[in-house]
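Visitor: Hi, I'm new to this one. Could you walk me through it?
Guide: Happy to! Let's bring it up first.
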Amino acid sequence: MKTTYVTTPLYYVNASPHIGHSYTNIAADCYARYRRLRGEQVFFLTGTDEHGQKIAQAALASGKTPQQFADDVVVHFQSLWERLRISHDDFIRTTQPRHEEAVKRIVAAWERAGKLRKSSYQGWYCTPDETFWTDAELAELGRPVCPACQRPLERTQEEGWYLELEAHRGWLAGHVKAHPEFVRPESRRNELMGLLEAPLPEHLCITRPKTRLTWGIEAPFSPDHVIYVWIDALLNYITVPGYPADADRFSGIWPADIHFIGKDILRHHALYWPIMLHALGFTDEQMPRTIFAHGWWRIGEQKMSKSLGNIIDPSAVLTHVLAAQPHAADVYRYFLLREVPFGQDGGFSEDALRVRLNADLGNDLGNLVHRTLSMIERYEGGAIPAGDGLGSEDRALREAVQALPGTLDAAMADVQFSSALEAIMRVISQANQYIESQAPWTLAKQGDSRRLRAVLRTLAETIRAASILLEPFMPGVAAAIRAQLGLGEAPRLLADAAAWPGLADGQRLGPKAVLFPKGTS
Ligand code: MSP
């Protein structure tokens with residue numbers, strides 16, 4: 001079976017990661033974990049984009065060489081991913097020889113196949129976005145500002161190598177029409193269709209003259225040029241799984257099942273990238289299956305970005321705002337995934353984070369686990385009771401739990417993390433209401449041990465199922481629930497969430513610990 005291939009953008013190393021970067025990686029991680037939970041072999045790739053003018057300028061300003069600068073900054077990305085439990089299988093830095101060599105071979109192949117044209121270019125360049133714009137594209141705006149980010153552009157005139165764009169437009173428009181899942185969500189697909197209705201710039205310049213920029217991969221056909229940073233970076237999606245050197249490995253992983261990106265880089269991924277692949281001779285079947293462009297996190301009315309200087313550092317949120325939380329990374333993951341439907345923009349605030357923590361996690365999930373385990377401790381001496389003879393209320397909760405793997409599948413097929421979590425949390429609330437309605441303390445007082453055991457067992461099975469269903473979203477919390485239930489780290493599958501019973505009679509609980517302590521945060 002083909003490996004499921006999940007990617008993230010390669011982040012520029014001109015500064016440390018912020019919430020926006022962490023969002024893409026958390027979403028991609030959640031998705032990769034979900035696919036693993038379905039029993040699939042997954043290859044999940046992230047990394048850093050280390051070439052280009054933007055990095056060269058940042059390095060210069062700090063008095064370091066670009067490579068030293070990248071080596072220093074990449075550590076911040078790697079340690080944040082570790083802290084956030086990002087489970088990538090590989091981490092690519094575009095300055096690694098494995099990538100540089102493959103890029104050289106690929107662009108040389110374009111050149112040999114006559115796909116490149118050498119000529120002189122006049123146009124505009126946005127350094128923060130590392131993106132070219134033509135006069136025609138700026139005509140409507142009437143002044144030289146970047147149509148994507150509104151910042152001033154630099155006039156450029158230089159000799160370079162060009163790849164055809166417009167010649168591929170008909171093919172790409174046909175591909176997009178025939179593959180509704182190629183770009184998601186719908187709004188971004190419409191945006192792409194709009195771009196494909198009018199003529200594209202004739203060509204895309206794939207080089208930069210060394211007179212202006214030396215920090216890049218040298219073009220194999222010209223010692224005076226380096227490869228344009230976007231061409232270099234996009235190619236990582238095929239160089240890492242083995243293109244062109246290792247055809248066997250490559251064919252087991254490619255095509256990408258899903259490229260997670262932010263909507264700011266749709267044009268590069270949905271226009272340039274498929275055209276680059278097409279120019280390499282990739283067929284329609286070899287195109288990425290889905291490019292999912294999510295929305296922006298805003299602070300107030302503004303997009304959060306390094307260039308706008310309004311960034312929020314995820315490490316500071318974990319260390320300060322969530323200081324009292326043993327599962328701070330999971331609380332943060334939960335907030336980002338639950339708060340905003342994936343694809344839409346969202347506003348970040350510490351207050352909103354605290355509301356999710358206190359309401360959904362503390363009062364609902366944390367309470368359910370705590371009450372269930374405490375009652376098993378108190379009434380059953382810490383051993384999972386056999387719960388035979390379920391009544392109709394018990395069965396209603398069981399059925400709600402057993403429906404969840406299907407609901408999760410449906411939500412994840414749509415890449416809707418928030419609706420998946422909403423469905424799981426609805427059943428968690430239902431279980432809390434069930435505790436109130438069944439009042440195990442009254443059953444204990446009345447000596448109705450048969451009902452008491454059925455209720456406690458139903459609750460224990462519910463939190464066991466939750467520990468599987470929540471794993472992609474909150475892997476640390478999921479593991480903690482399992483440990484408190486006395487379960488080992490046995491491999492789990494999504495289907496196990498619907499198994500009932502899934503616990504062994506008499507199994508002893510593990511040590512208890514509060515999942516989401518109240519108080520300072
Ligand atoms: N290096 C390019 C990508 C090359 S991919 C082959 C790049 N890097 S970036 O560091 O600017 O990060 C881009 C990605 O970070 C965005 O596409 C998005 O996934 C994420 N975000 C950056 N700012 C963001 C927000 N304010 N909100 C949400 N995500 C944002 O572009």
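Guide: Let's begin with Q150, which sits in the loop between α5 (135-138) and β6 (154-164). Keep in mind that this is a predicted model.
Visitor: Okay, what is the phi of Q150?
Guide: Phi of Q150 is positive, about 70°, although Q150 is not a glycine.
Visitor: And what about V415, where is that?
Guide: V415 is in the loop between α15 (392-413) and α16. V415 also has a positive phi, near 55°, and is a residue other than glycine.
Visitor: Is V415 buried or exposed?
Guide: V415 counts as buried, because its relative accessibility is 1%.
Visitor: Switching topic: which residues touch the most other members in the largest nonpolar core?
Guide: That core has 173 residues, and those touching the most other members are W110, I238, W254, F260, L365, F417 and F473.
Visitor: Where does this core lie?
Guide: It lies between domain 1 (4-299) and domain 2 (321-498), because both give residues to it. There is also a second, separate core of 6 residues, including W124 and C126.
Visitor: What does W110 touch?
Guide: Leaving out residues up to four places away in sequence, W110 touches K115, L116, L163, I206, I231, M276, A279 and L280.
Visitor: Now peptide bonds: which residues does a cis one join?
Guide: W500 and P501 are joined by a cis peptide bond, with omega about 5°. P501 is in the segment after α19 (475-485). The bond from R184 to P185 is cis too, with omega near -5°.
Visitor: And where is P185?
Guide: P185 is in the loop between β7 (183-184) and α7 (186-197).

Note on methods. Residues numbered from 1 in each chain as written. Predicted model: local features only at pLDDT ≥ 70, side-chain atom pairs only at ≥ 80, totals over all residues. Heavy atoms only, no water. Core = buried A, V, L, I, M, F, W, Y, C linked by side-chain atoms within 4.5 Å. Buried < 20%, exposed > 50% of the residue type's maximum accessible area, 1.4 Å probe, protein only. Domains from an automatic or database assignment. Contact = heavy atoms within 4.5 Å. Helix = DSSP H or I, 4+ residues; strand = E, 2+ residues; numbered from the N terminus.
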